[in-house]
Structures are given as structure tokens and as C-alpha cells.
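Me: I have a model to read. Please walk me through its features, one at a time.

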Amino acid sequence: MRKETAFLVGFLVLTIGTASLIWMFALPNFKPVSFPHVASGQIEVGPMRHKRALTADEVQTVNTWFDNHKAGWGPLSRTPPSSGDSRVMLKDANGKDALALTLWTGISAADWNDTVFAEAPDGSEVHMETFSEKEFAPLRGLVDRFKFKRSAFP
């Protein structure tokens, strides 16, 4: 085998092997997120964390929103500036904690507007995504029943 051929084969093995190794770890993060069907929930809003139960219509809105937003979620890649403007604790039909959503709506951190964290109840999986205003509107409607001053962009 000539020296050039050996170099080319070695280079291809190194680059393909490295790319395969990277994709082996990255690929699980690119699958659609499956959200459980929720039956009830509670929302905490604002700096004082005012609480209330979600109505049946709001629970249906959340389920519909989940059905339409399964792709694009990524792992938590940066540290959030606060604990969020609202936290939605969702339960399944058996009354077990199914999912926790943390929403940023502009009350505390304007540059995180329309961002959602979806967490497993035990915190083992955290997915985040930032949405357009139109896509985030149904979730903002849950929060906007409470009126708070929103911060401006820095």
C-alpha cells in the first residue's frame, strides 16, 4: 500500500469514526418529545406565586398545545436567569404528577420571553424550547389571568 493511500484511509477512518461517535451521543436528543395526556393541573404565577387550579378548558388547551408541539425541544443548554414567571404542575388521570412546565412570559426576564421548560416530575429530564408569540399564545393565556408588570428588554 502506498503511503498516500494509507494516509487517506487513516484520515477517512478517523473522521468517520469521530462523526459516528458524536452522532451516537447526539442522536437521542433529536427525537420528538412525547408528552403525557394530562387530566388536571395547578398554576403558580408571578413573583408571589399565586396559585389556582386549571379549569377543564385550560387542561384541554394544554393537551392540544402538546399535540401540536412535539418537535424542536432540546436539552437544557443554558442556565435560566430565574425560576420562571409561571410554573404549571400537571397530573394524569390517576392523579399522579405527570409533567411540570416552567414558563417565561416577560414578567421577570424579557430576553427569555416565550420560553418553556418541560420537566419530568422527578427532574430527570428537562427539555426547553423558545416559541414565537403566536405559538406561545395559548400558554400565555393561562398566565394572563393574573396581571403583572412585564420587564422590557435590557
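Reply: Strands here are DSSP runs (E, at least two residues), and helices are runs of H or I with at least four, numbered from the N terminus. The model is predicted, so local features need pLDDT of at least 70, side-chain atom pairs count only at pLDDT 80 or more, and totals for chains, interfaces and linings use all residues. Residues are numbered from 1 along each chain as its sequence is written, and side-chain values use heavy atoms, without hydrogens or water.

Me: How do β1 and β2 pair, and over how many bridges?

Reply: Strands of a sheet pair through backbone hydrogen bonds, either parallel or antiparallel. Two strands count as paired if DSSP finds at least two bridges. β1 and β2 are antiparallel, over four bridges.

Me: What is the strand order in the open sheet?

Reply: Seven strands run β2-β1-β4-β5-β6-β7-β3, with antiparallel pairing. β2 (50-53) and β3 are the edges, each pairing on one side only.

Me: Is Asp-114 buried or exposed?

Reply: Buried means under 20% relative accessible area, exposed over 50%, partly exposed in between (1.4 Å probe, protein chains only). Asp-114 has 6%, so this residue is buried. Asp-114 sits in the loop between β5 and β6.

Me: Which residues does Asp-114 touch?

Reply: Contact means heavy atoms within 4.5 Å. Leaving aside residues up to four places away in sequence, the partners of Asp-114 include Trp-104, Phe-136 and Arg-140.

Me: Where is confidence lowest, and where highest?

Reply: pLDDT is the predictor's confidence in each residue, from 0 to 100. In the protein chain, strand β3 (residues 74-75) is lowest, at a mean of 75, and α2 highest, at 92.
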